[in-house]
Amino acid sequence: MKKLMIYGATGYVGRMAAEYAKAQGLDMVIAGRSHDKVRAFAAELDVPYRVFAPDARTAESLEGVGVLVNFAGPFAQTADALVQACIKAGVDYLDITAEINVYRLAERLGAEAAGSGVMLLPGVGWDVVPTDCLAVHVAHRVEDPLSLSIALQVAGSMSRGSARSVSEIIGAGLMARIDGQLVATPDAQPRHFDFGDGLELCAPLSFGDLVTGWHSTGIPNISMFVHFSGEPFPEGDLSQLPDGPNTQQREAHRARAAAEVTGADGTVARSVIETVNGYTYTPIAAVEAARRVLSGERRPGFETPAKLLGVGFAESIAGTTITDR
Ligand SMILES: NC(=O)c1ccc[n+]([C@@H]2O[C@H](COP(=O)([O-])OP(=O)(O)OC[C@H]3O[C@@H](n4cnc5c(N)ncnc54)[C@H](OP(=O)(O)O)[C@@H]3O)[C@@H](O)[C@H]2O)c1
């Protein structure tokens, strides 16, 4: 069987993923752009390593690899070159991005990837695995579903890498899916969602579900929101932030998302998914997705977690439950 490559393995989430994959006994190689960091971490884990930056020559570094999972964000700077290299080298591409423009890139390159027998599966982290599976779950509760709204609740502090990626997410602008098309919605308004403790006001923000939810459910109208219940968004020099929340901080803050679907007859169904902290969930979900892809659960072209791995994939990660409301 070909190997798993964890790219960006020296970052906060990439390290946890590599440690988890090693503990699971997966045949893997770690990779990243910074030679000293990658070499030291490979020695610590006792796994092989490769050092390269994402560029036009990356395909040469993918010999013997079956699945590459990209943990190197902001993904606006890494995904394009890594996706192109994977298509060239015949390697399935997975990542943990929350940046909508990366989903749009993968969707755009889906046909080309399919022609090369390669799968592009972005979003195997907390965003979008729980919400993608939740969307499919709640869509099944309504006849002829017409609209889907999803709100993420982000609890606790953010990693330095996430804080850097937020500017990519905000910079993409406000969007919604309307009648099947992704359109700019600069005047989108906040709205309330109940995550289990009463109504919370959530701000509109464009996450990957505007792409994945459409592919997974076929619902033509989708809007996305977020509620930050944790620490205020970090400001100033982001490089001075700690890597990310430690184990105790992660254990203190579980994560939730709410979804609401309205059917053609006006019926409304609401469900909530609760998971372990997003930074605990992400490395496990990403490695478990990669393990399943490596063992043959794959379809060339653009894929979504719920379509490929099933509506139950989100809840297969320990500590995750969906509740109908
Ligand atoms: N979907 C989700 O739910 C979810 C959850 C958690 C995190 N994330 C996202 O995952 C990403 C990583 O987060 P993190 O907290 O692990 O960040 P981090 O600690 O800053 O790690 C970032 C990693 O990416 C590498 N990197 C950054 N820019 C690169 C470039 N241009 N070329 C090659 N490598 C590059 C870094 O390498 P060096 O060490 O060499 O700089 C490092 O290994 C962020 O975008 C974050 O938003 C998503």
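This is a predicted model: local features need pLDDT of at least 70, side-chain atom pairs count only at pLDDT 80 or more; totals for chains, interfaces and linings use all residues.
Helix H1 (12–23), helix H7 (160–171) and helix H10 (278–294) each contribute two or more residues to the shell around the ligand. Among the contributors to this shell, H7 gives the most, with 4 residues.

At least three residues of the shell come from domain 1 (3–124 + 282–309), and at least three come from domain 2 (129–278 + 314–324). Sorted by class, the shell around the ligand holds 13 polar, 10 nonpolar and 4 charged residues. There are 27 residues around the ligand, of which Ser 34, Lys 37, Ile 96, Ser 159 and Ser 165 come nearest.

Two of these nearest residues, Lys 37 and Ser 159, also reach the ligand through polar side-chain atoms. For Lys 37, a polar side-chain atom lies 2.6 Å from an oxygen atom of the ligand. For Ser 159, an N or O atom in the side chain is 2.6 Å from an oxygen atom of the ligand. Gly 11 takes part through its backbone, with an N or O atom placed 3.2 Å from a ligand oxygen atom. On its own the ligand has 930 Å² of accessible area, and the protein covers 90% of it. As for the space that the ligand takes up, this is the largest pocket.

Two peptide bonds are cis. One joins Gly 73 and Pro 74, with omega at about 0 degrees; Pro 74 belongs to the loop that runs between strand E4 (65–70) and helix H3 (79–89). The other cis bond leads from Asp 127 to Val 128, and here omega is near 25 degrees. Val 128 has its place in the loop between strand E6 (119–121) and helix H6 (129–139).

Positive phi values turn up at two aspartates. Asp 144, a residue other than glycine, has phi near 50 degrees, and this residue is found in the loop between H6 and strand E7 (145–154). At Asp 179, phi is likewise positive and near 50 degrees.

How values were computed
Residues are numbered from 1 along each chain as its sequence is written. Side-chain values use heavy atoms; hydrogens and water are left out. A residue is near a molecule or strand if one of its heavy atoms lies within 4 Å of it. A polar contact is a pair of N or O atoms within 3.5 Å; within protein, one must be able to donate a hydrogen and the other to accept it, and residues adjacent in sequence count only if both atoms are side-chain atoms. Accessible areas come from the Shrake-Rupley method with a 1.4 Å probe; for residues, only the protein chains shown count as cover. On a 1 Å grid over the protein atoms alone, a cavity is a set of points where a 1.4 Å probe fits but cannot get out, and a pocket is an open set with protein on both sides within 12 Å along at least five of seven lines; lining residues have an atom within 4 Å of a point. A molecule sits in a cavity or pocket if more than half of its atoms lie within 2 Å of its grid points. Ala, Val, Leu, Ile, Met, Phe, Trp, Tyr, Cys and Pro count as nonpolar, Asp, Glu, Lys and Arg as charged, and the others, Gly among them, as polar. Domain bounds come from an automatic or database domain assignment.
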